[in-house]
Amino acid sequence: EVAPDALRALNAQNIYGLAVDPNDPARVVAATNDSGLIASHDRGATWGRFGAGFSSRSSRQITFDPADARRIYVGSFNGGGLNVSADGGRSWTSRRIGSTASYVWSTAVDRRNGAVFAGTVGEGLWRSTDGGQNFTRLGAATLPDTRSIAADGDRILAGGRLGIHRSTDGGATWTQTLAVFVSNITVDPRDATLVYAATQTGGVLRSRDGGAGCSAASARASS
């Protein structure tokens, strides 16, 4: 939790994403709606500005590359781009994914094969297999809105306004497994069959089969 006083001091409100540096668990980076990125270097006790070259005030989800934590990917509402740092946040480049009508909300990196994913509001899910240089759209007819992504090889979960869609063939085909607005998907790092989904109307839901049967197998997290 980010203390309200710390947010007010930084003129930061509406936290849209949190990420912990895999090489330094004391460093936590938060994406805010109106003050770009902020960071704590003491596990959340104090906060300050992060990323001097980060140009967008309205940042969204943050992803550290699990193979190289110096590489950081951040979605952006203001400007609509995917922001990338290769030096731990000291400098940034930005590129648009899709048309000017969409913006990048979610990001993910597949631990298994290094693929980079960018989820947009307006033009769905995109994947890069060359470190974020070039992107190809996945599920164009199925995924107009992607607020969260979880990727593990051929299995990809994409959550958004239309619920969760799941692919087991690397994004060639998709099946809807949950039909409520999903804002975040998390997979248990110790057990890939456990998937948690944060929804707008149903609280936090859980799947015990890798997201295949979310509608029937999910249960309130408190149960």
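Guide: Gladly. Strands (E, at least two residues) are DSSP runs, numbered from the N terminus. The model is predicted, so local features need pLDDT of at least 70 and side-chain atom pairs count only at pLDDT 80 or more, while totals for chains, interfaces and linings use all residues. Residues are numbered from 1 along each chain as its sequence is written, and side-chain values use heavy atoms, with hydrogens and water left out.

Visitor: Which strand gives the most to the lining of the largest cavity?

Guide: First, the general idea. Rolling a probe the size of a water molecule over the atoms shows where empty space is left. On a 1 Å grid over the protein atoms alone, a cavity is a set of points where a 1.4 Å probe fits but cannot get out; a pocket is an open set with protein on both sides within 12 Å along at least five of seven lines; lining residues have an atom within 4 Å of a point. Here β14 gives the most, with three residues. Both β14 (155-160) and β15 (163-167) supply at least two lining residues, and the space in this cavity is about 40 Å³ (the volume filled by probe spheres set on the points, which are joined across faces, edges and corners).

Visitor: How much space lies in the largest pocket, and which residues lie nearest its centre?

Guide: The largest pocket holds about 1000 Å³. Its lining has 30 residues, with Thr-63, Val-109, Arg-111, Ile-149 and Val-187 nearest the centre. Among the strands that each supply at least two lining residues are β5 (59-65) and β17 (182-187).

Visitor: Where does β17 sit in its sheet?

Guide: Two strands pair if DSSP finds at least two bridges between them. An open, antiparallel sheet has the order β17-β18-β19. β17 and β19 (204-207) stand at the edges with a single partner strand each, so one side of each has no neighbour in the sheet. Five bridges join β17 to the antiparallel β18 (residues 195-199), and Asn-184 stands opposite Ala-198 in β18.

Visitor: Is Ile-72 buried or exposed?

Guide: Buried means under 20% relative accessible area, exposed over 50%, partly exposed in between (1.4 Å probe, protein chains only). Ile-72, in strand β6 (residues 68-76), counts as buried because its relative accessibility is 1%. Contact means heavy atoms within 4.5 Å; leaving aside residues up to four places away in sequence, Ile-72 touches residues including Phe-50, Thr-63, Val-84 and Trp-92.

Key: Helix = DSSP H or I, 4+ residues; strand = E, 2+ residues; numbered from the N terminus.
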